[in-house]
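I want to work through one protein model today and keep a record. Here is the structure I have open.

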Amino acid sequence: MQPPICARHGKPVRNTQLATFFLCDDCCEELSRLACRSEPPVFREFDLIGFCGLCNESRCVKLTQWYLCEDCQRVINSYRLGRVAAEYALQQWNTIVTPLVPHIYLKQVDIVQPQQYERRRKREPAKQLDFLAVERASDQPLFWLELKTGRNALSDMRTFQLDKSDCDDVLNVVKVTGLPALLCHVCVAQEFQPPTSRFIGAGIWWTDIFAMRDSFIEIRRRRFDSGKEAAHFDPTCFRELNVLAKMLSQGYHFALQWRLAREGIPQLYRETKR
């Protein structure tokens, strides 16, 4: 028996099933148009007040279903997490960092937007990261900032893990642009308004590519997500955002640029045997 057509793939895909979301009218239209090839949901009923599964706002939503494969359902659920993380990171930057270094601002360059599935013969390396730190007066780019989002606070982590492909993306952007990169872990928590829920930012920590290199532990294969390999790092390489604010006020970004020019691009991981 042929599986149902995945709305994001536009063709039958194994492990396709009914995927359920609570969406407001605007976000239902956005997902349908941008991610699901303009296919309307196969089911959309039951008005209620709750948190929307895309914009994360408390609005009038409806139970909404499309046929989606497991991978596409996971991708669509990640859009809201990405947006929440970006908004929280900007808010924390403006609250904690900007008062000490008002001459540096964050420019979001990698906007989270729903997309339909596109098959690529070869994965294209990233050419930009989530944010670019910019000198306000001269509009001079200073460094990149990449966000990674998870449910665990730093104190709850035995290791911090980052897919090898994500490590490669960060280093490729450093190579292409000649700018150093920081990585931020954003912890999100869930707030419930049954039968819906929303995500809220609950903490943010940062590190740089040199500290990550020095904190690398090993490569492990994930138990899920198609068995991708991830690099594991000692989470003590991360620090609070107020530390970054103080360091930037003392010219840390220039020291980071000088170190990159002197030492070259660090290797974030190396192959390990288990």
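**Ground rules**

I am reading a predicted model, so I note that local features need pLDDT of at least 70, side-chain atom pairs count only at pLDDT 80 or more, and totals for chains, interfaces and linings use all residues. I number residues from 1 along each chain as its sequence is written, and side-chain values use heavy atoms, with hydrogens and water left out.

**Entry 1: a sheet**

I looked up how strands go together in general. Strands of a sheet pair through backbone hydrogen bonds, either parallel or antiparallel. For elements I rely on DSSP runs, numbered from the N terminus: helices are H or I with at least four residues, strands are E with at least two. Two strands pair if DSSP finds at least two bridges between them.

In what order do the three strands of the open sheet come? I find β9-β13-β12, with antiparallel pairing. β9 (160–163) and β12 (216–221) are at the edges, each with a single partner strand, so one side of each has no neighbour in the sheet. From one strand to the next, the twist averages 30°. I take angles from 0 to 180 degrees between N-to-C directions, with axes as lines fitted to C-alpha atoms, for helices over the stretch in contact.

β9 pairs with β13 (residues 229–233) over four bridges, in the antiparallel sense. Phe-160 stands opposite Phe-233 of β13. Helix α3 (residues 164–177) packs on this sheet and touches β9, β12 and β13. Contact here means heavy atoms within 4.5 Å. The direction of α3 makes about 75° with that of β9.

**Entry 2: cores**

I sort residues by relative accessible area: buried is under 20%, exposed over 50%, partly exposed in between (1.4 Å probe, protein chains only). A nonpolar core is a set of buried Ala, Val, Leu, Ile, Met, Phe, Trp, Tyr and Cys residues joined through side-chain atoms within 4.5 Å.

The largest nonpolar core has 62 residues. Among those with the most contacts inside it are Trp-93, Leu-147 and Phe-233. Apart from it lies another core of 23 residues, including Phe-21, Phe-22, Cys-28 and Leu-54.

Which residues of helix α1 (residues 25–34) are buried? I list Cys-27, Cys-28, Glu-30, Leu-31 and Ser-32. Their cover includes β3 (17–23), β4 (43–51), β5 (58–68) and α2 (70–97).

**Entry 3: rings**

Rings of Phe, Tyr and Trp (its six-membered ring) pair if their centres lie within 6.5 Å; planes under 30 degrees apart count as stacked, over 60 as edge-to-face and the rest as tilted. I count five aromatic pairs by this rule.

Phe-43 and Phe-46 make a tilted pair, 5.7 Å centre to centre with 55° between the planes. Phe-43 is partly exposed at 29%, and Phe-46 is exposed at 53%.

Why is the pair of Trp-206 and Tyr-252 edge-to-face? Their planes stand at 65°, with the centres 5.7 Å apart, so the pair gets that label. Trp-206 is in strand β11 (residues 196–208) and Tyr-252 in helix α6 (residues 252–263), 46 residues apart. Trp-206 is buried at 0%. Tyr-252 is buried at 11%.

**Entry 4: charges**

A salt bridge is a side-chain nitrogen of Lys or Arg within 4 Å of a carboxyl oxygen of Asp or Glu. My search of the whole structure gives 16 of them.

Arg-59 bridges to Asp-26, with the closest N and O atoms 3.4 Å apart. Arg-59 lies in β5 and Asp-26 in α1, so the pair ties together parts 33 residues apart in sequence.

Arg-33 bridges to Glu-29 at 2.8 Å. Both lie in α1, four residues apart, about one turn of the helix.

I also found a network of salt bridges linking Arg-213, Asp-214, Arg-259, Arg-262 and Glu-263.

Most residues other than glycine have a negative phi, and most peptide bonds are trans. I looked for exceptions.

Pro-194 and Pro-195 are joined by a cis peptide bond, with omega about 5°. Pro-195 lies in the loop between β10 (181–193) and β11.

Asn-56 is not a glycine, yet has a positive phi of about 75°. I place Asn-56 in the loop between β4 and β5, and it is buried at 10%. Asp-139 has a positive phi of about 60°.
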